[in-house]
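Subject: Structure handover

Hello,

Here is the structure I said I would pass on. My notes follow below it; please read them with the model open.

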Amino acid sequence: MGNTPSTPLGTCLNTICAGRANCVAYPSDALYQNNWVKPYNLNVPVTPAAVFRPNNANDVAEAIKCAGANSVHVQAKSGGHSYANFGLGGGDGGLMIDLVNLNHFSMDNSTWQATFGSGFVLGELDKQLHANGKRAMAHGTCPGVGIGGHATIGGIGPSSRMWGTALDHVLEVEVVTADGKIQRASKTQNADLFWGLQGAGASFGVITEFVVRTEEEPGSVVEYTYSISFGKQSEMAPVYKKWQDLVGDPNLDRRFTSLFIAEPLGVLITGTFYGTHDEYMASGIPAKLPAAPANITVMDWLGSLAHIAEKTGLYLSNVSTKFVSRSLALRQEDLLSEKSIDELFNYMGSADADTPLWFIIFDNEGGAISDVPYDSTAYPHRDKVIMYQSYSVGLLGVSDKMVKFVDGVQELVQKGAPNAHTTYAGYINANLDRKAAQKFYWGDKLPKLQQLKKKFDPTSLFRNPQSIDPAE
């Protein structure tokens, strides 16, 4: 594949590949979309000018030089879970750098620092960490998400209240910048570049390697599951109110985290407690959760990861679909009033969603995430306690009614939290224009990020429809 380039970019990339199989592909190649591009959101078609699979950082550097010489924008794909397919070259005509082959791993058993390539997906990374000293790090629930994007926009998940975000574990990176240079970045080397990479990585370079601190795996994990499969959404409002009271408590035990998922016929609440069953019972948390019909199971760390992935798999799967999504990040002062909760759940129960596959996910934040000094990274959500995201999945496509439904949910959450103005950059709204999106994802971090963009990538080689623009 990829041996008949018709553009200067193709000639340049083929020179790097030097006949290596499965190195590069172009739109004219058979099964280009299915085997190479692999879009996650099928409602957002993207056709990159080329898909390039490097074997090392030097390959990445040479490919970036090819793109720069031909004025082609670049975005890298690690796992490819962008809700708007931003990792697929950043839009039509871009260069997609697929990091799948960057999967080296090593562990320093004296410092318990792990070094690994940016092509890992979370599930495979967990296996490596476990096999090398039963170590762990904080990250999200979906095993198919790539570490490359995840650890550069935040990386929030069940253990984040205890350990911080995935981004907070990163000590150093190897990154290729817009000039094609392979550089190291950390708090002490290229510190300003490292600051930008810790929150808006896709706008500043292609990370090829991470060095992270790791944690000792918890010996015991308690998993709580509460599910109602047949009921009216309006009847779920008191259940959400009780859940919000629990997770909105700033003194909530950091060993506990929870998801509240509303769906057409009921709700699912998951709870994860990193400790023994006795410790869980002594925490006082069980009395603040719905008791029946709840299930409580005690398992080990890997079992817990599999359990969470299974429970949330229906909602956050690896399967490519056509979907639309909205989201908002809430601080303590943004928590919804009882009136706002009633309005929201009445709407979800009465509005025409035009699909049986919709769900609204609320997850709790805080804890160790908020311990990190606000100005130390570009991650803007240290003060958030709940993040919400909505999904509407269409089997045949996304209809106007589906968009109207998630917009209606967004409007009611925003009405109930009028001073909430940002969201997590992993929960994007593809319909926002560039200016609004940048402000929505990075808030008051944006001016500094734009200045750094001007310094490191003034021509916006690393670009997608909602990436950081250089300062004027």
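Contact, as used in these notes, means heavy atoms within 4.5 Å. This is a predicted model, so local features need pLDDT of at least 70 and side-chain atom pairs count only at pLDDT 80 or more, while totals for chains, interfaces and linings use all residues. Residues are numbered from 1 along each chain as its sequence is written, and side-chain values use heavy atoms, with hydrogens and water left out.

The whole chain

The protein chain has 15 helices and 18 strands; helices (H or I, at least four residues) and strands (E, at least two) are DSSP runs numbered from the N terminus. Its C-alpha trace spans about 65 × 55 × 40 Å along the principal axes. A compact globule of 472 residues would have a radius of gyration near 23 Å, and the 22 Å of the protein chain agrees with that. The radius is taken over C-alpha atoms, and the globule rule is 2.2 Å times the number of residues to the power 0.38.

Of the 472 residues, 58% count as buried. Buried means under 20% relative accessible area, exposed over 50%, and partly exposed in between (1.4 Å probe, protein chains only). Among contacts between residues at least 6 apart in sequence, 71% join residues at least 24 apart.

Thr 297

Thr 297 sits in strand 15, residues 294-299. With a relative accessible area of 29%, Thr 297 is partly exposed. Neighbours within four places in sequence aside, Thr 297 is in contact with Val 221, Val 222 and Glu 223. Its side chain also makes a polar contact with the side chain of Asn 295, at 3.2 Å. A polar contact is a pair of N or O atoms within 3.5 Å; within protein, one must be able to donate a hydrogen and the other to accept it, and residues adjacent in sequence count only if both atoms are side-chain atoms. From Thr 297 to His 307 is 10 residues in sequence and 9.8 Å in space, C-alpha to C-alpha.

Asn 85

Asn 85 belongs to the loop between strand 3 (74-77) and strand 4 (95-98). Is Asn 85 buried or exposed? Asn 85 counts as buried, because its relative accessibility is 2%. The side chain of Asn 85 reaches the backbone oxygen of Val 44 at 2.7 Å. Val 44 is also one of the residues in contact with Asn 85 once neighbours within four places in sequence are set aside, the others being Pro 39, Tyr 40, Asn 41 and Val 46.

Phe 456

Helix 15 (residues 446-456) contains Phe 456, which is buried at a relative accessible area of 15%. Phe 456 and Leu 193 are 263 residues apart in sequence, yet their C-alpha atoms are 7.7 Å apart in space. Leu 193 is in contact with Phe 456, as are Ala 178, Asp 192 and Phe 204, leaving aside neighbours within four places in sequence.

Two positive phi values

Asp 354 is not a glycine but has a positive phi of about 65 degrees. Asp 354 lies in the loop between helix 12 (338-350) and strand 17 (358-364), and is partly exposed, with a relative accessible area of 41%. Ser 460, also not a glycine, has a positive phi near 55 degrees. Ser 460 is in the segment after helix 15 and is buried, with a relative accessible area of 11%.

Regards
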